[in-house]
Amino acid sequence: MEETGRAARFWIQAALLAAVAALAGWLIFTAWTNIGRLPVHFGLDFLSEPAGFSVLQTLIPFDERSTYGRAFVVGLLNTLLVAAIGVAFATIIGFSVGVARLAPNRLLRAVAAGYVELFRNLPLLLILFFFYFGVLRQLPPPRTGFEFGGAFLNNRGLFLPDPQGGGWFLVAALALFAAALVLKSRWRVLAGVGAAGALMAAVAMTHIVWPEPRGLSVFGGLRLIPELMALVAALAIYTAAYIAEIVRAGTQSVARGQGQAAAALGLTGLQAMRFVVLPQALRLVVPPLTSQYLNLTKNSSLAVAIAYPDLVSIFAGTTLAQTGQAVEIMALTMGVYLTLSLATAALLNWQNARMRA
Amino acid sequence: MKRQGILYCALALLFFCAGARAGTLDEVKARGKLNCGVTQGLAGFSSTDASGNWAGLDVDFCRAVAAAIFDDPSKVNFVPLSSKQRFTALQSGEIDVLSRVSTWTMQNDTALGVNFVGVIYHDGQGLMVRKKLEVQSALELSGAEVCTNTGTTTELNIADFFRSRSMPYKIVAFEKSDEALKAYEAERCDVYSTDASSLSAQRVKLAQSEDHVILPDLISKEPLAPAVRQNDPQWESLVRWTLFALINAEELAVTKANADKLSRADAAPGVRRLLGAEGDYGRAIGLDNDWALKAIRAVGNYGEIFDRNLGQQSPLKIDRGLNRLWNNGGILFAPPVR
């Protein structure tokens, strides 16, 4: 009986799978023939055509002669930039607020709870507009902007002195410093010395390009556009409210005896948190934290509302409007978000598995 | 749960089966309504009033097409579309006519599977700046940052203009024109740019509109034209000749008020042909011979439509400029009905 039941179940499953596969195949076939019937040229050759437009912020050189394919990369890099900075700030703010919600100080607890309730319950787009238009209106125009130590702040953005030249040594210094944190004993010392050396070389080779107010704006230097700052602030502050709750829940789920035992051993409250409670809480925190990182990345597509040139704005916006290749462009854009999300998830799943082992 | 799944499958099938179609005119007649793609709100061209009624030049054009078919200008379904969605909506059959301030360019006309029927408004892209900048001409805008909205020819025109004069610039492109205007108002940009026709309407929205000036330079040609799908020549002719009929009506002094009377009276041969009293012009586009009479009776001639929505009778008070008739100092010229 058991055997026949299993066989029957197998065949039902197989038939269902075949039906689903047939349906999918038929859908793809129909879509394909319908697309073929439309008097529109399909394909990806448009990616090598010159784009003809310019972009407000680019991490790689881009001008009107560059191709749509390069515009795609520019948008992708801008999305990644916002996501990376946003994730970093959201994590810092989120963990601080989450820990503060459990602090012995009642005022601190209340402030943290207020933060979470306020930002978790406001639509992200409103927060974004608030930061963008609210802050933009307060800032003075370039001619009367603030100046401090060679840096300029006005409604065109924050203009910082731009250190140039020693880039690779700086990267090496950072890498060695990171290595020093991970490695042990002799290797740690070696990496530390290397990091210091690389840092000195970087400083020696660097020359600073100072921003300079001229004509209608400020030129030269490293420019942080208001759109980037508003987007990062809104994404980080919004997502941090969720991360704070995740951290609080994770921390509270660690058995109370653990904290009491740490106190009995003479650890201070912060030490107990750092060495006993948080490491255990992290195992619970990482999976939901992953979803928040993914949400932040996907939410960054709201950028188009405030003119930050992200992937959706440049590629699924301007490029789509100019070429009309809607199906290809939307498929590519969805592919990017899917890949980003799956990659982040895979990375954190790996970290999660490692932590549990 | 399972039933829901089946429902979704059925929906997906419907979506993919919708490809095969009869002639557009037969579809419209069977549906009893014309599906017309318009903007999400642009004063003078297509916008809704407080009670949700659509009004504007583009809206009245669709009403004219509906009246030519059904003898009833109210048989239109207006579909508000973003500039990103507009051509896809037309290609996929969601709308029958795209009457949405779309620029007739070679790319739009040839590569997107749509055809433009004729220019309904000759526009150009303009620039607005603060008076305190003391700029007299667009040529003094070197280094400017320009707020505009994305998804139109606007970005490209700005790029072409500054690039061809080797002037540095930055473009700040928003999804919606209202946000672009707000950012300009907050002095995020030195310049706000869009088609000249909507520039004056946008300027009125600014808190201190007298502090801003629209520069005399037009940096592009923007022939705005209604569009239809490429695969139905009869439908294309119907929409094209509705536009020509409205323009010819102005030239022949046929108005909303006198159209009926003229069609019965012993009028000039050109008027009689236009109004279907002579000849057999309606049949070739699948309509009755008095199709133009029905359209003009419903919305008036081109001049009346312009005055009502954009010109002296409207709050915008836009000068007709290039959009005057060819024999009146403009470039508006429609082929004759004969």
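Predicted model: local features only at pLDDT ≥ 70, side-chain atom pairs only at ≥ 80, totals over all residues.
## Overall form of chain B

Chain B contains 13 helices and 14 strands, and its C-alpha trace spans about 65 × 60 × 40 Å along the principal axes. The radius of gyration of chain B is 22 Å, which agrees with the value near 20 Å that a compact globule of 338 residues would have.

Of the 338 residues in chain B, 54% count as buried.

## The interface between chain B and chain A

The size of an interface is often given as the accessible area lost when the parts come together. Between chain B and chain A that buried area is about 3800 Å², with carbon and sulfur atoms giving 58% of it, and the contact takes 44 residues from chain B and 48 residues from chain A.

Three salt bridges are counted between chain B and chain A; A:Arg223 forms a salt bridge with B:Glu145, and the closest N and O atoms of this pair are 3.0 Å apart. Across the interface, 14 residue pairs are in polar contact, with both residues at pLDDT 80 or more. On the side of chain B that touches chain A, at least two residues each are supplied by α1 (2-17), α4 (86-91), β9 (144-149), α6 (154-164), β10 (169-174) and α7 (177-185). The largest share of that side, six residues, comes from β10(B). By class, the side of chain B that touches chain A has 21 nonpolar, 11 polar and 12 charged residues.

## Positive phi angles in loops of chain B

Most residues other than glycine have a negative phi. B:Val101, although it is not a glycine, has a positive phi of about 25°, and B:Val101 is found in the loop between β5 (97-98) and α5 (106-110) of chain B. With a relative accessible area of 15%, B:Val101 is buried.

B:Ala253 also has a positive phi, of about 60°, although it is not a glycine. B:Ala253 is found in the loop between α9 (233-251) and α10 (259-264) of chain B, and at 48% relative accessibility B:Ala253 counts as partly exposed.

## The surroundings of B:Asp96

B:Asp96 is found in the loop between α4 and β5 of chain B, where B:Asp96 is buried, with a relative accessible area of 0%. The side chains of B:Asp96 and B:Arg31 are joined by a polar contact of 2.8 Å.

Leaving aside neighbours within four places in sequence, B:Asp96 is in contact with residues including B:Thr24, B:Val28, B:Lys33, B:Leu34 and B:Asn35, and also with B:Leu90, B:Val228, B:Arg229 and B:Trp235.

## Salt bridges within the chains

A search of the whole structure finds 24 salt bridges over all chains. In one of them the side chains of B:Arg308 and B:Asp60 meet at 2.7 Å, N to O. This pair links distant parts of the chain, with B:Arg308 in helix α13 (residues 302-309) and B:Asp60 in helix α3 (residues 57-70) of chain B, 248 residues apart. B:Arg308 is partly exposed, with a relative accessible area of 31%, whereas B:Asp60, at 6% relative accessibility, counts as buried.

The side chains of B:Glu278 and B:Arg272 meet in a salt bridge at 3.0 Å, N to O, and B:Glu278 counts as partly exposed at 33% relative accessibility. B:Asp280 forms a salt bridge with B:Arg283, with the closest N and O atoms 2.4 Å apart; B:Asp280 is partly exposed, with a relative accessible area of 38%, while B:Arg283 counts as exposed at 59% relative accessibility. In chain A, a network of salt bridges links A:Arg101, A:Glu117, A:Arg120, A:Glu245 and A:Arg248.

## Two buried serines of chain A

A:Ser300 lies in the loop between α9 (269-299) and α10 (311-323) of chain A and is buried, with a relative accessible area of 1%. The side chain of A:Ser300 reaches the backbone oxygen of A:Thr297 at 2.6 Å. Not counting residues up to four places away in sequence, A:Ser300 touches A:Thr79, A:Val82, A:Leu231, A:Leu235 and A:Asp310.

A:Ser341 is placed in helix α11 (residues 326-356) of chain A, and at 13% relative accessibility A:Ser341 counts as buried. Leaving aside neighbours within four places in sequence, A:Ser341 is in contact with A:Leu294 and A:Lys298.

Methods
Residues numbered from 1 in each chain as written. Chains lettered and ligands numbered in written order. Heavy atoms only, no water. Contact = heavy atoms within 4.5 Å. Buried area = accessible area lost by both parts, 1.4 Å probe. Salt bridge = Lys/Arg side-chain N within 4 Å of Asp/Glu carboxyl O. Polar contact = N/O pair within 3.5 Å; in protein donor to acceptor, adjacent residues only side chain to side chain. Helix = DSSP H or I, 4+ residues; strand = E, 2+ residues; numbered from the N terminus. Nonpolar A, V, L, I, M, F, W, Y, C, P; charged D, E, K, R; others polar. Rg over C-alpha atoms; globule rule 2.2 N^0.38 Å. Buried < 20%, exposed > 50% of the residue type's maximum accessible area, 1.4 Å probe, protein only.
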